[in-house]
Amino acid sequence: MNNHNHNNHYSNHTKHKSEEKSRRKRRSNSKNGAPPCSFDWTSISQSTYEDDALINKKLPKELLLRIFSYLDVVSLCRCAQVSKYWNMLALDGSNWQNIDLFDFQTDIEGRVVEYMSQRCGGFLKSLSLKGCQSITDTALQNFAQQCRHIETLILSKCTSITDLTCESLGKYSSKLRKLDLTSCPEITDASLKYLSNTSPTSTGQNRGCPLLSYLDISWCNKITNDGVIALAQGCPKLNTFFCRGCSQIGNDGIEMLATCVENLMKLNIQHCQSITDEAIIKLGQKCPGLTLLCASMCNRLTDASLVALGKGCLELRTLEVSGCTLLTDSGFQELTRNCHKLEKMDLEDCIQITDATLGHIASHCHQLNALSLSHCELITDEGIRQIGSSICAAENLRILELDNCPLITDAALEHLQGCRALQRIEIYDCQLITRAGIRRLRNHLQDILVHAYFAPVTPPPSVGGGRQRYCKCCAIL
């Protein structure tokens with residue numbers, strides 16, 4: 001009898017000790033904001049608080065679910081550790097429609113994604129795995145099968161994935177609208193063919209992603225014109241296409257994109273150095289709705305490209321042509337004459353432009369809010385005067401970059417004193433600008449950020465009877 005009581009006492013003591021340890025662990029995780037990767041998704045936790053707590057009695061399940069729907073990933077994981085009832089509510093698939101795991105990128109493994117897929121199922125619409133380098137094709141293949149209503153998928157810098165991931169997306173993700181594959185080095189033309197359902201190996205099960213409207217394949221260096229041509233033919237609703245650094249993409253791919261896509265609005269071909277005027281002329285002919293074009297470092301482009309854009313792309317709002325050294329005042333005159341909606345222009349290293357280009361911008365681009373003229377060494381105070389006295393300067397101009405413009409002086413800053421909206425100006429290595437000139441500008445625009453650099457002043461040689469100082473090297477010499 002005593003033995004039996006002793007065993008019961010020992011058993012109860014062990015149970016209470018285990019429960020107390022579990023409570024402490026949950027409190028610690030809740031306090032520190034344990035990430036999803038450290039949360040045991042497969043377990044139903046013991047209740048820290050009773051399931052019949054007052055809040056659970058007063059609020060119906062539907063209202064609690066609605067409250068939980070506003071919580072982020074960490075907060076949901078914390079709530080899941082409160083009680084069995086809250087665990088069920090917090091892990092309800094309706095709360096996991098939009099998941100961003102970027103903050104936990106170094107910890108997320110494939111098993112987490114697979115279990116999330118099972119939990120969320122058809123509820124999940126947006127998932128970001130940006131930077132999760134441990135994620136492999138296997139996890140994403142299971143994800144594609146489980147979450148067939150996914151609309152936005154961010155896989156930027158998931159360096160371990162291959163074309164197998166896109167093959168699964170082509171089979172199961174027919175509702176996919178946005179896909180980011182930036183810096184996924186193993187992605188090839190085959191991926192674009194799977195997405196567009198034009199791969200010769202596709203089976204009847206493949207539907208492709210006909211609703212795809214946004215695709216970023218920047219720095220996927222294995223992709224060529226063949227992949228872009230297939231994409232253009234199979235995804236006619238594409239309106240945003242970024243392929244920065246894809247050096248094998250040239251005129252053929254971009255021309256097919258311009259021809260087949262119904263309403264191309266945003267295009268980034270930065271560092272695609274084989275692209276020439278022919279591709280841009282086709283854009284001018286076929287893409288009247290183009291609002292953004294980044295062609296920085298496409299150094300084979302000439303004024304013919306600017307003329308084509310000025311004739312056909314009147315909705316253009318952002319133009320980035322940094323490093324396009326063949327562009328001149330004549331081209332920008334034709335562009336600005338018709339593209340009156342321009343808001344951002346990056347003309348850095350367009351070394352042939354002069355104050356004449358700034359005159360054209362000042363006269364026609366009244367909505368301009370950001371202008372980069374860094375390394376445009378022919379720009380003078382007169383050009384800045386024209387910008388400073390324009391309509392855009394008085395109301396809209398917020399950012400002006402003038403790094404390495406050697407002819408700019410304090411007079412240029414005086415011309416900008418009336419730019420009430422100006423928030424930031426860059427004047428690194430403008431050696432004719434002084435601290436006094438900057439102070440006068442700040443007296444008129446007190447909240448402006450001025451980024452400048454002044455070389456340290458060389459100390460004057462010692463005068464009078466002071467002892468002349470030598471370093472050890474001089475003493476030895």
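1. Cysteines. The structure holds zero disulfides. Cys 147 takes part in none, and the cysteine sulfur nearest to its own, that of Cys 120, lies 6.1 Å away. The model is a predicted one, and in it Cys 147 is buried, at a relative accessible area of 0%. For Cys 272, the closest cysteine sulfur belongs to Cys 243, at 4.0 Å, which is too far for a bond, because a disulfide requires the two sulfur atoms to be within 2.5 Å. Cys 272 likewise counts as buried, its relative accessibility being 0%.

2. The two sides of helix α12. This helix spans residues 277–286, and its buried residues are Asp 277, Ala 279, Ile 280, Leu 283 and Gly 284. These residues lie on the same side of α12, because the arc they cover around the axis is only 165°. Glu 278 and Gln 285, on the other side of α12, are exposed.

3. The pairing of α11 with α12. The axes of these helices come within 9 Å and cross at roughly 0°. The crossing angle makes α11 roughly parallel to α12, since angles under 35 degrees count as such. On the α11 side, the contact involves Asn 251, Ile 254, Glu 255, Ala 258 and Thr 259; on the α12 side, it involves Glu 278, Ala 279, Lys 282, Leu 283 and Lys 286. By class, four of the residues in the contact of α11 with α12 are nonpolar, two are polar and four are charged.

4. The pairing of α15 with α16. Helix α15 covers residues 355–364 and helix α16 residues 381–388; their axes come within 8 Å and cross at roughly 5°. The two helices are therefore roughly parallel to each other. Asp 355, Leu 358, Gly 359, Ile 361 and Ala 362 of α15 meet Glu 382, Gly 383, Ile 384, Gln 386 and Ile 387 of α16. The residues of this contact comprise five nonpolar, three polar and two charged.

5. Ser 183 is not a glycine, yet it has a positive phi of about 60°. Ser 183 sits in the loop between β4 (178–180) and α9 (189–196). Is Ser 183 buried or partly exposed? With a relative accessibility of 21%, Ser 183 counts as partly exposed. His 271, also not a glycine, has a positive phi of about 65°. The loop that holds His 271 runs between β7 and α12. At 30% relative accessibility, His 271 counts as partly exposed.

6. Asn 225. This residue is in helix α10, which comprises residues 225–234. Asn 225 counts as buried, with a relative accessibility of 16%; the cut-off for that class is under 20%. Which residues does Asn 225 contact, leaving aside its neighbours within four places in sequence? They are Gln 248, Ile 249, Gly 250, Asp 252 and Gly 253.

Methods: Residues numbered from 1 in each chain as written. Predicted model: local features only at pLDDT ≥ 70, side-chain atom pairs only at ≥ 80, totals over all residues. Heavy atoms only, no water. Buried < 20%, exposed > 50% of the residue type's maximum accessible area, 1.4 Å probe, protein only. Helix = DSSP H or I, 4+ residues; strand = E, 2+ residues; numbered from the N terminus. Arc of directions from axis to C-beta. Axes fitted to C-alpha atoms, helices over the stretch in contact; angles between N-to-C directions. Parallel < 35°, antiparallel > 145°, perpendicular 65-115°, else oblique. Contact = heavy atoms within 4.5 Å. Nonpolar A, V, L, I, M, F, W, Y, C, P; charged D, E, K, R; others polar.
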